[in-house]
Amino acid sequence: MPYDSAGIVLNNIGKTFLSSSGQVTALTDINISIGDGEFFSIVGPSGCGKTTLLRILAGLDTATTGTIDVNIISGDRPINSMVFQEQSIFPWLNVLDNVAYGLKLRGIAQKERYAIAAKYIRMIGLSRFASAYPHQLSGGMKQRVSVARAFANDPEILLMDEPFGALDEQTRIILQQELLRIWELSKKTTVFITHSIDESLCLSDRVLVMTAHPGTVKAIVDVDLPRPRDIASIRTTHRYNELFQRIWLTLREEVLKVKSLELEK
Amino acid sequence: MKTVISILSPLTLLLLWEAAAFLGFIDTRLFSSPLNILQAFFPLLLSGDLLYNTWVSVLRVTWGFIAGAIPGILLGMSMGLSPLVRSAVEPMIAATYPIPKLAIMPLILLIFGLGETSKIFTIAIGVFYLVVINTMAGVLGIDKIYLEVAKNFGASRKDFYLTVALPGALPMIFAGLKLGMGMALILIVAAEMSAAKAGVGWMIWRAYDMFDIEQMFVALITLSVLGYFFSLVLDWMERLVLPWKQTS
């Protein structure tokens, strides 16, 4: 592991659902140590439980077994903030109040929270839209606000669940580059879920490949591409292609397993 | 063009009415005529009789509306946010909602007596049901993702109410308030039918007793103006608190 200290340690995380057809194991035996300040991505076939894992980290779901330790650097910071896959900024708040939302719940005075929010709104290039409401924004702008809201909350760890999955490719590339820039400034421990191998390589320090049902650790791949990264040029490097190939071959087995299971049904 | 038609069509109707009355096609003792009504209107206005009775009704509607809407919003939000509260309260609401509010007026009169309280309470009950049902539906209709965002950002119970449930349900709350206002105007006339000594509804019944058709029409028109005025106030409040719903 390229980091001095662990940011998040997952011990033996497992999740079992009770469904009409009996118990379903979604996650099992997940043991990962994510470095402090690391950008950690998770890829896996659909239905492997990667979103469930992130929701457990976010406190929106509870694990059936195991424990999570988050290295708390500063006691008055929130533990995590999540960027959701779908449109999740409040339609009834303008951009400024959306970005300041977490700060407001933490009881930070209006003047101070607006100052912090304005800083992140500037970073995502939406200063002109600070008083606009979400219905006046495009999909890409909404996700920018969502990212800014998470960063402005200044959590110990950032959780992102395919935040750019629903965007068109051009917007996605621009937002990936912007995320990298903001992340490099803040150096926050980040757990990022994606179905795109390319995205995981462009952004991460390490990529976790999950197995198909039940989800567990299949492999962890070190992405030893230099930082700061330029997404456009990184893709043309030999190393990128090697890593892409390696992750795809690992993932491919699991995807095929899912496909054959679907055919049996 | 559309505006012209919208203005011309009611004017035409009034002209036809006046013409029918003038030519003796309708019995003016029962149907009156626009000019007769206008003639009756000015003395009622100048004597202060009309304004006083309108004011009495406006106060009753306003207090009844507030007394019904606030508990309706609060309970509706609790029912929307908490499945426990919903399970406990919903059967009672469902069972009592279909009872016509007019049917319980005698009971209300027995309990609260003949004073203002019984009238305000009658209106409050009618408004309450419409607001509570709409508010609950509004909270239940809020996309789950917003509750998850609030939870992820560490929202307290108060935060869930004030930063998600209330703003998210406001469009539906306003739909309930507007329906409630319509109901309040129906109930004010009924409430002033019995045991009242003033009010627009009381004017109608006084006109009935005195067979004063013109006065009855003046009161009816006043009710229509009141309804329009209250809906303007609600629209104005809605624009004020729902800036995010406009131009969408």
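Predicted model: local features only at pLDDT ≥ 70, side-chain atom pairs only at ≥ 80, totals over all residues.
Residues are numbered from 1 along each chain as its sequence is written, while chains are lettered from A and ligands numbered from 1 in the order in which they are written.

**Chain B as a whole**

Colour chain B by secondary structure and you will find 11 helices and 0 strands (DSSP runs numbered from the N terminus, helices being H or I of at least four residues and strands E of at least two). Along the principal axes, its C-alpha atoms fill a box of roughly 75 × 55 × 30 Å. Among contacts in chain B with a separation of 6 or more, 74% are between residues 24 or more positions apart (a contact means C-beta atoms, placed from the backbone, within 7 Å).

**A helix pair in chain B**

Next, select H6(B), residues 105-112, and H7(B), residues 116-140: their axes are 9 Å apart and they pack at about 140 degrees (axes are lines fitted to C-alpha atoms, for helices over the stretch in contact, with angles from 0 to 180 degrees between N-to-C directions). The two helices are therefore oblique to each other (under 35 degrees is roughly parallel, over 145 roughly antiparallel, 65 to 115 roughly perpendicular, and the rest oblique). Show side chains for Met105(B), Ile108(B), Leu109(B) and Phe112(B) in H6(B), which meet Thr117(B), Ser118(B), Phe121(B) and Thr122(B) in H7(B). By class, this contact has 5 nonpolar, 3 polar and no charged residues (Ala, Val, Leu, Ile, Met, Phe, Trp, Tyr, Cys and Pro are nonpolar; Asp, Glu, Lys and Arg charged; the others, Gly among them, polar).

**Across to chain A**

Now show both chains: 18 residues of chain A are in contact with 15 residues of chain B. On the chain A side, strand E5 (80-83) and helix H3 (101-105) each supply at least two residues, and H3(A) gives the most, with 3. That side divides into 11 nonpolar, 6 polar and 1 charged.

**The open sheet and its helix**

Staying in chain A, select E1, E2 and E4, an open sheet of 3 strands in the order E2-E1-E4 with antiparallel pairing (strands pair if DSSP finds at least two bridges between them). Strands E2 (22-35) and E4 (65-70) stand at the edges with a single partner strand each, so one side of each is left without a neighbour in the sheet. E1(A), residues 6-19, is joined to E4(A) by 5 bridges, and Leu10(A) has Ile68(A) as its bridge partner in E4(A).

H1(A) lies across E1, E2 and E4 of chain A, at about 65 degrees to E2(A). Just after H1(A), look for Gly59(A), with a positive phi of about 80 degrees.

**An enclosed strand**

Finish with E3(A), residues 39-43: 5 of its 5 residues are buried, so the strand is largely enclosed by the rest of the structure. Phe39(A), Ser41(A) and Val43(A) lie on one side, Phe40(A) and Ile42(A) on the other. E3(A) runs parallel to E7(A), residues 189-193, over 4 bridges, with Phe40(A) partnering Val191(A). E3(A) also pairs in the parallel sense with E8(A), residues 206-210, over 4 bridges, where Ser41(A) stands opposite Val207(A).

Terms used:
Buried ≥ 20, exposed ≤ 12 C-beta atoms within 10 Å, placed from the backbone. Contact = placed C-beta atoms within 7 Å.
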